[in-house]
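Open the model in your viewer and keep the selection panel at hand. The stops below go one selection at a time.

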Amino acid sequence: MKILKGYTKNLHHPKASIVERYIVEEAIEFCSEDIEKAKPVGLPESQHDERVGGKGSRELHVITLGLEELQLAHLYILNNSNEVLPYIVCHEALVKESSPKMTKNRVLKVHNKTFLNWFKDTIFGDDNASKTLRKLVNGLKRNVRTWRG
């Protein structure tokens, strides 16, 4: 009874005060037992720990691109090269001149289909073309190396 009387803080409502303090004490004991079992809070665990530890695959893989993918990648590189920009403008003008009634979308489609061959013919026919342009004309390799990690 002495412990329960010690819980009394509100003399006008002693029973409520005792019950309130008793519930708080039980909650603290319950939580302290769970805290002992819990893992400490820290940095989150990596999802890749197993692979770093030696499990999983981290080796070299070779992917062979199809002809269409290869041409799209080559065209993308050429379109984003500053040295090729004058040739792109020239070729688009030639496509537009061949059929003036073409829409912009149609000109772009014809340009994308015919630019690679036209560019190769133009660069190989020009003796003043730079080494960079000559390397860009040759295109890309079909085999692409990738790594998993």
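With which side chain does the side chain of H111 make a polar contact? Select H111 and H91: the two side chains make a polar contact at 2.7 Å. A polar contact is a pair of N or O atoms within 3.5 Å; within protein, one must be able to donate a hydrogen and the other to accept it, and residues adjacent in sequence count only if both atoms are side-chain atoms. H111 sits in helix α6, residues 104–125. Its relative accessible area is 1%, so H111 is buried (buried means under 20% relative accessible area, exposed over 50%, partly exposed in between, with a 1.4 Å probe and protein chains only).

This is a predicted model, in which local features need pLDDT of at least 70 and side-chain atom pairs count only at pLDDT 80 or more, while totals for chains, interfaces and linings use all residues. Residues are numbered from 1 along each chain as its sequence is written, and side-chain values use heavy atoms, with hydrogens and water left out.

Now zoom out and colour by secondary structure. The chain has seven helices and two strands, in the order α-α-α-β-α-α-α-α-β along the sequence. Helices (H or I, at least four residues) and strands (E, at least two) are DSSP runs, numbered from the N terminus. Of the 149 residues, 16% count as buried.

Next, select H74 in helix α4, residues 67–79. H74 is buried, with a relative accessible area of 8%.

Move to L140, in the loop between α7 (131–138) and β2 (143–147). L140 is partly exposed because its relative accessible area is 36%.

Switch to a surface view for the last two stops. Select L60, V62 and W147, which make a nonpolar surface patch of about 340 Å². Patch residues have over 30% relative accessible area and no salt bridge; like charges are joined within 9 Å, nonpolar side chains (Val, Leu, Ile, Met, Phe, Trp, Tyr) within 5 Å. A salt bridge is a side-chain nitrogen of Lys or Arg within 4 Å of a carboxyl oxygen of Asp or Glu. L60 belongs to strand β1, residues 60–64, and is partly exposed at 43% relative accessibility.

Finally, select E25, E26, E29, E33, D34 and E36, which form a negative surface patch. E26 is in helix α2, residues 14–37, and counts as partly exposed at 35%.

How values were computed
Areas by Shrake-Rupley, 256 points an atom, 1.4 Å probe, with all protein chains shown as cover. Lys, Arg positive; Asp, Glu negative; His and termini not counted. Charge placed at Lys NZ, Arg CZ, Asp CG, Glu CD.
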